[in-house]
Every structure is written in C-alpha cells, then in structure tokens.
Protein chains: 2
Amino acid sequence: MSTALVLTKQEFLEHWLGHRKLTRRVIEAFPEKELFNYAIGGMRTFAELTKELLSIAEPGLRGIVARDEEGYQHNLPLDTKEALLKRWDEDTPKIIDLFNRIPEEDFHKEHNLFGEYKFPIYSNLLYFVDNEIHHRGQGFVYLRSLGIEPPHFWERF
Amino acid sequence: MSTALVLTKQEFLEHWLGHRKLTRRVIEAFPEKELFNYAIGGMRTFAELTKELLSIAEPGLRGIVARDEEGYQHNLPLDTKEALLKRWDEDTPKIIDLFNRIPEEDFHKEHNLFGEYKFPIYSNLLYFVDNEIHHRGQGFVYLRSLGIEPPHFWERF
C-alpha cells in the first residue's frame, strides 16, 4: 500500500462537516409540508432521506468506534422540520467527538458496518459523505421543481 | 498539519474511478432523447450535466499537472449519447495517467483551478468527485421521474 498522503484525518472531518452545513441548509430550504409530503417519481421525501442520513452518520460512527455491528434504523421518530434540524445539530458535536476517537492506525482496518457492510473504515466514512451528497443532490431537484432556489453547492460554511 | 493517513493516493483514485463507472451507467440508462431534452424545474439536462463533468475532470487534472490556469468550457460539442460515452471512456485512461503524475508532496499545495478556484489540490480533487456525485444524484431523480430504475448507488464496478 502506498503511503502517499492525500487527505489527513482533520481534513476529512472538516470536509464532512462542511457538507453537513450545506445539507442543513437544504433541509431548512424546504417548506414544512413539502419536506414531509413531496417527492418525485415514487422516491422518498426529503424528510425520509434526511432520516436515512441521520441514521447513518452518528450511529455508524458510534459503531465504528465501539466496533459494534448493530443494524441501522432509518425510521426515526422525527416528524417536524424543527425536530430534524434539532437532531442534525445535536449529532454534529457527537460526530466530531466520535470521529476524533478513531485511532489513526485504524482507518485501513475493516469494520462490518451495521453488521452488513464489511469494508475498511476509511471506505465506510467515504460512503457516509458520498451518500449524503447523493441524496442532497436529489433534494436540490425537489426544491427546484417546487420553484425554490437551493443553496449554492459550494456553500459549506 | 496532522500526518494521520485517511486515504492514500491510490485509494482516492480507485474511489473516483468507481464513481465514474457508476456515472457512466447513469448516462447509459437515459434514453437518447431524454438525455438531451429532459430536465426538471428549469435545471439542465443530464447531457448538459455530463458535459460539465467532462469539462472538469480531465481538463481540471491537466491544469493541475501543468499548473495551467486556463478556464473551463462546459459547452462541449457532444450531441449524442454515443459521443458522450465515447468521451467518457477516452478520458478515463487520461485521468489515471494525469492523476498518477501529481507528485505526492503536491496534494496540499494550492492550485488556482481554471484560473478561479484557488485551493489545495486535494480539495480541488474532492470537489471533482463531490460534484460528480451531486449531479449524478440529480440524474437519478430524472430517471425515476421517467419511470426508469437507476443503477444501484453502490455499483462501482
């Protein structure tokens, strides 16, 4: 394995946190009703997609740190925009704390995430961020189709 | 700067190439007509989004390797699905070659990408991949709204 450094632990965390700020803006941009009732082509609502993201990020990191293989639960009891944003904000410091607790030498060790996805930890973490970008991009389309301008993709502050 | 290793150069490249394979499947999944004519909410067609991706990946890497700050040109003369896929496939070996030519010690040096985006090279490269995931996620919604099942998000082979 090459030891060339593309990305440090801290850089990865900052990259992820920047994406989380943008995703939070997208949740905020939805009207309450459409957040929970609107979707395109039989897909999930953006509230449902947000719950998926919430059920992966902090719980997944918790599993990685504890080497726990408990499954995920996407169906979180969060039924208002306020509740989704509150959980989003509560999870951020937990994510920072948990991420910082992953020993540097462990990023290339395997972890059977949620008892289902056995990959190196770095790969699990990339999946968390990729999946967030993917679903948030879908939220952008929902917003546009509702006539609402989404935040800029590069707004990560 | 921490020297903790999250991701090696080779791992990053493989991660990106896996995403490119998935994006190629999404281009393929569109019917010819809808690839060039269909969009939601005043957005760009998936052909236009694909041209943006094509105009960033290989040209951006070329700029990074040559430290050239020439601007991008999204409006590529590619007017059929076949032409888009052909360019996609032609770019892949170029991307591999160019990426491998970035010296390991340069990933944290700044480059003024396309004469506009002055960030460390690792950050430019993350943007390439993030932007591809973002727009591809939008393509998933277009496909779903056309009644076409997109490929699985985790299909990177």
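B:Arg67 is partly exposed, because its relative accessibility is 35%, where partly exposed lies between buried (under 20% relative accessible area) and exposed (over 50%), with a 1.4 Å probe and protein chains only. This residue is found in the loop between α3 and α4 of chain B, and its phi is near 50°, a positive value in a residue other than glycine. The model is predicted, so that local features need pLDDT of at least 70 and side-chain atom pairs count only at pLDDT 80 or more, while totals for chains, interfaces and linings use all residues. Residues are numbered from 1 along each chain as its sequence is written, chains are lettered from A and ligands numbered from 1 in the order in which they are written, and side-chain values use heavy atoms, leaving out hydrogens and water.

A:Phe114 lies in the loop between β2 (110-113) and β3 (117-120) of chain A, the helices (H or I, at least four residues) and strands (E, at least two) being DSSP runs numbered from the N terminus.

| Residue | Phi | Relative accessibility |
|---|---|---|
| B:Arg67 | B:Arg67: near 50° | B:Arg67: 35%, partly exposed |

In chain B, helix α3 (residues 46-66) packs against helix α4 (residues 81-100) at an angle of about 25°, with the axes 10 Å apart, the axes being lines fitted to C-alpha atoms over the stretch in contact and the angles running from 0 to 180 degrees between N-to-C directions. The two helices, α3(B) and α4(B), are therefore roughly parallel to each other, a term for angles under 35 degrees.

Conventions. Parallel < 35°, antiparallel > 145°, perpendicular 65-115°, else oblique.
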